[in-house]
Amino acid sequence: MENNSPNSVSEKIPFWRDVRVLRVLFQVIFLIGILLLAGILYMNMLRGLRGLGLTLNLDFLNDEAGFGIAEGIAYEPSDTYLRAFWVGVVNTIRVSIIGIACATILGLVVGIARLSSNWLVRNIAAIYVECFRNIPLLLQILFWYTAVILQLPSVRQSFTFFGGVFINQRGVYLPEPQPTSDMNIWLGYLAGGFILGLILYLVRLRKLRQLEQPGFPAKWALPAFLLVAFVGWFLTPGKPFTWELPALRGFNFAGGIYLSPEFSALLVGLVMYTGAFIAEVVRSGIQSVAKGQREAAKAIGLNEFQTLRLIVLPQALRVIAPPLTSQYLNLTKNSSLAVAIGFPDLFNVGNTMMNQTGQSIPIFGMIMMSYLIISLTTSAYMNWYNRRINRIGR
Amino acid sequence: MEERAPNPVIKPPTESKGILRWLKENLFNTWYNALFTLLAIVFLYVAFKGILTWAFTEANWGVIPANLQIFLVGAYPREEIWRVWIVIYTLGLLLGLSSGIWGGLALRLALVIGAVGGGVGIILAFFPTAFFNRFGLLGGVALLAVSLFLGRGRQRLRPWVLGGWLLSFPWTMIWLHGFAGLPTVLTSNWGGLLLTLILAAVGIVVSFPLGVLLALGRRSNLPAIKWVSTAYIETVRGVPLVTILFMAQIMVPIFLPDFRIDKILRAMLGITLFSAAYMAENVRGGLQAIPKGQHEAAHALGLNYPLTMLLIILPQALRSVIPAIVGQFISLFKDTSLVTVIGLLDLLGIAKTVIANPDWLGLQAEVYLFAAVIYFVFSYFMSYISQKIEDALGVG
């Protein structure tokens, strides 16, 4: 009988039990299901849009926006919707970059303070982290905005610091460096110093490689650059730049760098909240470096600075980089809470555009694409950085 | 041979525990630490002086008791509030029985909740507010204690209590919404802390199965399923929750015009879809930690894919990600405050309406601080639990 041969047994497996067939079949059914669902939703959407008298296209982007945006790059209400959206994107990027920089510094300081041998410092840092981590960010932003910044004194009774920084209920005013005509001369000195520094850096790097000794490759380059910059400052005939101080004119300050109350509240909220998370990331990163590593570094004669730079930080950074990336992405995404206090970030502007045009679907698409592009760029950069520090360590 | 001198008895170094010694070791061990200590003392003095002066002389705390009811339950009708109590008592009963039966972590949980509830209950018994029955909360604590003693040693109640926990979620919803002859309380009247807790609970409970499916999908070796799951997870994780909440508000009526889905359900939908993507990543972490040998062993036993996952892989994977899921629950609990932006009256939304009330103008700081304390207590308590779970499971 032919049934006795093993080959015919395997041939006789019915197709509904053949893994190869099932794999394909299962995926086809899955995709058909997904497409069917999408199709139903799409038909519903077309019906809904017809009911609202809308068509699905992007032509509206070239229409006049007609609404004002309180801050950001140059923009008039007579500009197009596309331009308005771009203003929002730039505002989001601006608050995110400044926020990331400040939160990193704050997180680093607090994270190190949490490991301090000083009992008081350690516990103040711990209380800060626990408080700000466990309260919703939106609540914090609203608190900073309505309970702190809007309750500050009026313009005439502004808090003044160093004669040039003014804080009042209309926002924060900072002095702004204004380049003069002599700026180019000083920039020339800076460029010269940079080239000199680069040469010294390479020379020392090569020498250290030859000697096979640990050392700080920028040990000569950094002082040389600073020296040239310093001497150049005095050799320049006039001052390269002057500080433009905000001055009270009429009912408000003019000149200098101006941070609106919305921007300030959003920034403070984001920085205090994310800083607490970054502090935890930094603390766990430093604690992850085994104690023996420090002791071994001491045993081979590295000093404290070398131990930190060559032994502890490279290993800690490897642990820190991935969670730090997700904190940066969180901060960027959380900047969308601007909508609650009226800072014109990309989500807020997009929301206004939706209310005006009713084109919610394409605008949602644009908003999501913008966030995805920002997120992917940030994580691509951080992944590159992560790979780089991992290579140094091994 | 030289006779060895008898070992001199060395006394252990005297460990002085004087306060001065402690100060020297912990605050003034180096010159820069001494400087930091002085700076910290100045900072604390300025901060405490400012905060205490404000809290005891300028702040008007009357706004809190006057609005306590809407802070806790929003516009939930007053004559129906007993239903909230039924839900609280049910959960107290279940918790008490579980802690009696299982002991350990559940017992610790019950003790902390009992202590906090008892403390707040005593305060409320002395300062009755219009909303609270004076002894309502103390009654709940008593119920907790009684059920704890009832549960002790009764191991055969186990399946019943587990079933009770499974049913507690629909039970809560049915009581709050109303059934049979009970008047219906529309979800639009749910608010305050009640709504915050419900949104967080729905978000985590419903997103759990979705997240497990997505995680399995992402780890699948069928490309179509893998790519669809990955695309969903990465897209949702790449955009802010506010966007998804707005989208749920605006798009659901466009895409599903035949259904009337109310605002809170749409918010729940948005939160669940958002949370599922993060849940999937947590579960995936657990799945990746399972050694390949477990799959192979299951295969060798002749188990097919669903059985392998259900009986072998998921029980191990989920156990190891419990702390991560609790962590996600904490951030979800905080994130529910974003529904304020789409106009729902959760705890934060209620705080905003109280501030806008002309009777209580200019009390932003008091109201927001009160809301912040509530959020803090819950989040901090949950991270304490998560810590204890990590210790108990030996994972994380």
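Author: Phe166(A) has its bridge partner in strand 3 of chain A: Tyr173(A). The model is predicted; local features need pLDDT of at least 70, side-chain atom pairs count only at pLDDT 80 or more, and totals for chains, interfaces and linings use all residues. Residues are numbered from 1 along each chain as its sequence is written, while chains are lettered from A and ligands numbered from 1 in the order in which they are written.

Strand 2 (residues 165-168) of chain A runs antiparallel to strand 3 (residues 171-174) of chain A, with three bridges. Strands are DSSP runs of E, at least two residues long, and helices are runs of H or I, at least four, numbered from the N terminus. Two strands pair if DSSP finds at least two bridges between them. Strands 2 and 3 of chain A make a hairpin, with two residues between them.

Strand 3 of chain A has another antiparallel neighbour, strand 8 (residues 257-259) of chain A, joined by three bridges. There, Tyr173(A) faces Tyr258(A) of strand 8.

Now the domains of chain A. An automatic or database assignment sets the bounds. The assignment gives domain 1 (2-50), domain 2 (89-175 + 257-393) and domain 3 (182-244). The centres of domains 2 and 3 of chain A, over C-alpha atoms, lie 31 Å apart.

Chain B is set out next. Chain B has 17 helices and zero strands. Take helix 7 (residues 136-151) of chain B. Its 16 residues should span 22 Å at 1.5 Å a residue, and its end C-alpha atoms are 22 Å apart, which agrees. The expected span is 1.5 Å times one less than the number of residues. Buried residues of this helix include Leu137(B), Val141(B), Leu144(B) and Leu148(B). Seen down the axis of helix 7 of chain B, the buried residues fall within an arc of 130°, so they line one face. Buried means 20 or more other C-beta atoms within 10 Å of the residue's own, with C-beta atoms placed from the backbone. The arc is that of the directions from the helix axis to the C-beta atoms. An α-helix has 3.6 residues a turn, so residues three or four places apart point the same way. Helix 5 (82-102) and helix 6 (104-126) of chain B are among what covers the buried residues of helix 7. Contact means C-beta atoms, placed from the backbone, within 7 Å. Just after helix 7 of chain B, Gly153(B) has a positive phi of about 75°.

Notes: A residue is buried if 20 or more other C-beta atoms lie within 10 Å of its own, exposed if 12 or fewer, and partly exposed in between; C-beta atoms are placed from the backbone. Two residues are in contact if their C-beta atoms, placed from the backbone, lie within 7 Å.
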